[in-house]
Amino acid sequence: MTYWFRQHRYALAAALVHLRRSPGGFLFNILVVAIALALPFTGVTLLDNVRPMSEQLSVDPEISVFLKQETPREQAEGLAVLLRQTVKDKQAKIVFTPREKALDQLKTKSGLADVLTTLGENPLPDSYVLKLDAFRNAQAGGDVDQLAEEIRALPGVDTVQVDSAWVKRLAALINVLRLALLLLAATLGTVVIAVIFNTIRLQVMTQREEILVSKLIGATDSFIHRPFYYTGALLGLCAGGLALGAVTLALRPLNTAIAEFARLYASEFQLAPLPPLAMAGLLALSAGLGLIGALLSVQRHLSKLN
Amino acid sequence: MIEFRNVSKQYSPDAMALRDVSFTVEKGELVFLAGPSGAGKSTLLKMIAAMERPSAGHVIVNGQDIAKIKPSAVPFLRRNLGLIFQQQRLLTDRNILANVMMPLLVTGASRHQAELRARAALDKVGLLDRADSQPLALSGGEQQRVSIARAIVNRPQVILADEPTANLDRASANKVLDALKAFHSVGVTCLISSHDEQMLDAAARVIHLNHGQLEVAA
């Protein structure tokens, strides 16, 4: 264990010594890699902020059931049993709204009380609202549609309004964004690997004599390769840190603009930085990309020295 | 300790470096390899360090056949060999102490232990007071003595020196030779290639090579 730890400490120290010798080049490489990482990190941050909102919107899809005007109240109230049977084992909250209550609500919320009073007769029907816990995810939108068809066939039902369409649209949009982000991340991840691959290639060329001498004095391949792996991982880690820092800083001016926009919709929506665990994950991913670039470069270029 | 059995090395159809060479070097021997440039001396030494593989025959070093040795075993073979080159191959981006510490660090020795032993090795070649100097600040003879210190710091069983005095003046060459003899006197097997007549005159055993063939294996 001590031997293993010592070997890794030596490799890390060797990597740091070589980076310190050309700080300008190292910083420039960090900058290039950070720029490539900043774009997908921004996307991840935006998605992470939008996701809870979309989840909140997609829960409890509702089916509004409007009964025929001439339906007697007893039949209307009795429909609850049929609705419960139609919903079957799916957990659903079924709320009956008598036409009188609906009118009162309309008067209160719409500000059209005077206009509605002049109508004389209540134009609103009795209605039910089904809140379906079993359809929390948007993929179940199809099931909601099928259920709506079954309810439509019940006696006394005039209109059935399903509000799952927008849930499906939103979910589809988020899926498209997620896929686009994945493709973008894959492309830019390849760019990161290519940049680090080239950086390590140049280091191998610079340290050619040291590598050859090390081989002659009995260094194993892993001893020679390890500092390059650390260099790649460090480069990825530093670039990841810089990219995350830049994205977090960019949220401030963005939030100022968003706050003004959200106020128009009586919302206090703000973009928040990623949680620490997600940030740690992205840093690990950046270091991993650096390591992959270094691995590929070392395998290719050091094998030539053999 | 080192055995060449009908060894040939052919780089290309018209470039035969060694032809059917056979000899043995026993443990603790001091053997000189003599011959003109292109005789095959360097190729022979490279084979012992597994830097080259024979085209035919067997090179046995410490019981291991170089023709069959696995690449992963080569570093461990080399840790028992001290290699000294005509061009010293010191790393100019670090001081001579760091250069001498390298063979120990690659074997996993602690930095503290490596420094102690490197200083002791530099002391043996008379360069302890130059431990913190850069290699380029040293004369050719001093650089060669540093490379000897680097070769012996790991306490190898065999020292292979390829023309270690070729670019040195007589005084420096003598110091290098004295250092090598000192290590031989404590039981280290030494195989030294040279075309320095004065050096060869003082040798107990000389193997002569010419055009890749053994002329005299005394």
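Select A:Ala36 and show its contacts (two residues are in contact if their C-beta atoms, placed from the backbone, lie within 7 Å). Leaving aside neighbours within four places in sequence, A:Ala36 touches A:Leu188, A:Val191 and A:Val192. This is a predicted model, where local features need pLDDT of at least 70, side-chain atom pairs count only at pLDDT 80 or more, and totals for chains, interfaces and linings use all residues. Residues are numbered from 1 along each chain as its sequence is written, while chains are lettered from A and ligands numbered from 1 in the order in which they are written.

Stay on A:Ala36. Helices (H or I, at least four residues) and strands (E, at least two) are DSSP runs, numbered from the N terminus. Is A:Ala36 buried or exposed? A:Ala36 is buried, because 22 other C-beta atoms lie within 10 Å. The cut-offs: buried means 20 or more other C-beta atoms within 10 Å, exposed 12 or fewer, and partly exposed in between, with C-beta atoms placed from the backbone.

Now show where chains A and B meet. Each chain's share is listed here: 14 residues from chain A and 14 residues from chain B. On chain A, helix H1 (2–21) and helix H8 (208–216) each give two or more residues. H8(A) gives the largest share, five residues.

Finally, go to chain B. Select strand S1 (residues 2–12) and strand S2 (residues 15–25), which run antiparallel and are joined by seven bridges. Strands pair if DSSP finds at least two bridges between them. Pick B:Lys9: its bridge partner in S2(B) is B:Leu18. A hairpin of two residues links S1(B) to S2(B).
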